[in-house]
Amino acid sequence: MARFSKENELDMAKIREDIEENTASLQEEYDELPYQIKNKLEWFSDQKIGIIFHWGLYSQAGIVESWQLSKEDDWARKKGSWREDIQTLRKDYWELNQIFNPENFDPQDWAKKAKKAGFRYMIFTTKHHDGFNMYDTQYSDYKITAAESIFHKNKQADILKSVIEAFHKVDIATGLYYSKADWHSPNYWKPNQTPYGRYASYDPYKDPETWKKFSQYVENQLIELIKNYGPTDILWLDGGWVNTTHHEYLPMDTIVAKLREIQPGLLVVDRAVGGKYENYITPERKVPEVPPKKAWESNIPLAKNWGYVPHDEYKSFEEILNSVIQVVSLGGNIILGVGPKPDGTLPKEAQTIMQKLGNWLQIYGEGIYETRPYQELTKKGWFFTRKKNTVYAFHKNEGTKISLDLTDFPTKIKKAVDMETKEELLVEQQRVYVDQQSEFVGIQLQLEEKV
């Protein structure tokens, strides 16, 4: 079974220094929650599989999202800086808004493909750290709908609106990714200063007036997003260093209260911050060894990068399926990352994986969606989920007839069913045998009594 070992995680951390993780929050428990949020978290835990789109100017440049703009984050430039010096890189990058023209953007096609792939919810990048807004914000001119943008005359120029509408039409829930940082904002990276890293170019403690302006800007945009692009199920906040270090504090009590006046059941995911506004935990690029105590969601891109990079390295379908089954059997959700191309189409490699995943879920999805972990039994090589009085058992197909030993099963089994053929399986000497063609075989076990 492919699994992210601690060594692999360390190797990845050396390469991807954008990974934000708060080890303390991984084992945080909930304080008192509003009943709407409790109910929404149950809904969230039923969805199991989502898709997240990282899309913006960085797809035009073909680089690792917008990280090359940060001088401190030289890891993003080690395998090929987009420009030789940081000043030229920033100037040319900021001007990509005049070139970015996704003329083949077809959100209805995205939505149909996502539906067939079995995704139950979608998160879209409204603004990455670079500050470029993929929607018609009224609080910045650096946006896809600005006159300076070549795409602004397109009937689908408000990209976020078009995506949200298309996904709602196929009954896929929607969420919004938003970076709390904004490297284009003059109130975060001041024009007369030279920012070194990802943080504000000044100390907010020493310049509270500028920070107050920036904080109000973030609040205004978040209210705008939740008010104008709903119904929205999830607000997925990135830029975990904001609200944790360097005095970059936002009034989250005030902001979230205003957002939930608009949508009382809104889940807020203030990533890597912890506390009451990290409603669920988001382990990045891994299956956690120890599941978080809160609801959680592993974030795994289909390729090496979140955004589109030419000639990117894509994971195999088998590796993706391994991750899906491991995560769900541990009680989590999984969200898979796709980086659309600058012309607005989805990469062929991503589409291939999505199609295979959808085909597998057509057969085995009942053992994935709306399930919870079955912790009463552990057997090497087997992954279990449960739904009421039914247990689902999954095992990697190794090309031989697979058998499940039922001797230690804590509850009497009424019937065993082959999930591929839907035929009842014969139980012989406390073993049930299955022979399937899928990458992972599945057995449905109906119990005599409810779990």
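The model here is predicted, with pLDDT of at least 70 needed for local features and 80 or more for side-chain atom pairs, while totals for chains, interfaces and linings take in all residues. Residues are numbered from 1 along each chain as its sequence is written, and side-chain values rest on heavy atoms, with hydrogens and water left out.

Of the 17 residues that line it, D18, D238, R271, E284 and W306 are the closest to its centre. The total count is 3 cavities of 30 Å³ or more. A cavity here is a set of points, on a 1 Å grid over the protein atoms alone, where a 1.4 Å probe fits but cannot get out, and a lining residue has an atom within 4 Å of a point. Points are joined across faces, edges and corners, and the volume is the space filled by probe spheres set on them.

Salt bridges come next, and there are 23 of them, each one a side-chain nitrogen of Lys or Arg within 4 Å of a carboxyl oxygen of Asp or Glu. R372 pairs with D46, with 3.0 Å between the closest N and O atoms. That pair links distant parts of the chain, since R372 is in strand 8 (residues 372-373) and D46 in helix 2 (residues 35-47), 326 residues apart. Helices (H or I, at least four residues) and strands (E, at least two) are DSSP runs numbered from the N terminus. R372 is buried at 19% relative accessible area, whereas D46 is partly exposed at 23%; the cut-offs are under 20% for buried and over 50% for exposed, with partly exposed in between (1.4 Å probe, protein chains only).

D270 and K180 form another bridge, the closest N and O atoms being 2.6 Å apart. D270 sits in strand 5 and K180 in the loop between strand 3 (173-179) and helix 7, so parts 90 residues apart in sequence get tied together. D270 is buried at 2%, and K180 is buried as well, at 1%. K190 and D207 also meet in a salt bridge, at 2.9 Å from N to O. Both K190 and D207 lie in the loop between strand 3 and helix 7, 17 residues apart, and both are buried. Shared partners also join E42, D46 and R372 into one salt-bridge network.

N133 belongs to the loop between strand 2 (121-127) and helix 6 (159-169), and with 0% relative accessibility it is buried. A polar atom of the N133 side chain lies 3.2 Å from the backbone oxygen of G131, and the backbone oxygen of Y142 lies 3.0 Å from a polar atom of that side chain. These pass as polar contacts, defined as N or O pairs within 3.5 Å in which, within protein, one atom must be able to donate a hydrogen and the other to accept it; residues adjacent in sequence count only if both atoms are side-chain atoms. Leaving aside neighbours within four places in sequence, N133 is in contact (heavy atoms within 4.5 Å) with residues including T126, K127, S140 and Y217.

Then there is the backbone geometry. Most residues other than glycine have a negative phi, and most peptide bonds are trans. E65, with phi near 45°, has a positive value without being a glycine. E65 is in the loop between helix 3 (57-61) and helix 4 (86-94) and is buried at 1%. A272 has a positive phi too, about 65°; A272 is found in the loop between strand 5 (267-270) and strand 6 and is buried at 12%. G230 and P231 are joined by a cis peptide bond, with omega about 0°, and P231 falls in the loop between helix 7 (208-228) and strand 4 (234-238).

Q108, in helix 5 (residues 107-117), has its C-alpha atom 18 Å from that of P231, 123 residues apart along the chain. Q108 is partly exposed at 34%. K304 is in the loop between strand 6 (297-301) and helix 9 (317-329) and is partly exposed at 28%.

Methods:
1 Å grid on protein atoms, 1.4 Å probe; cavity = no way out; pocket = protein on both sides within 12 Å on 5 of 7 lines; lining within 4 Å.
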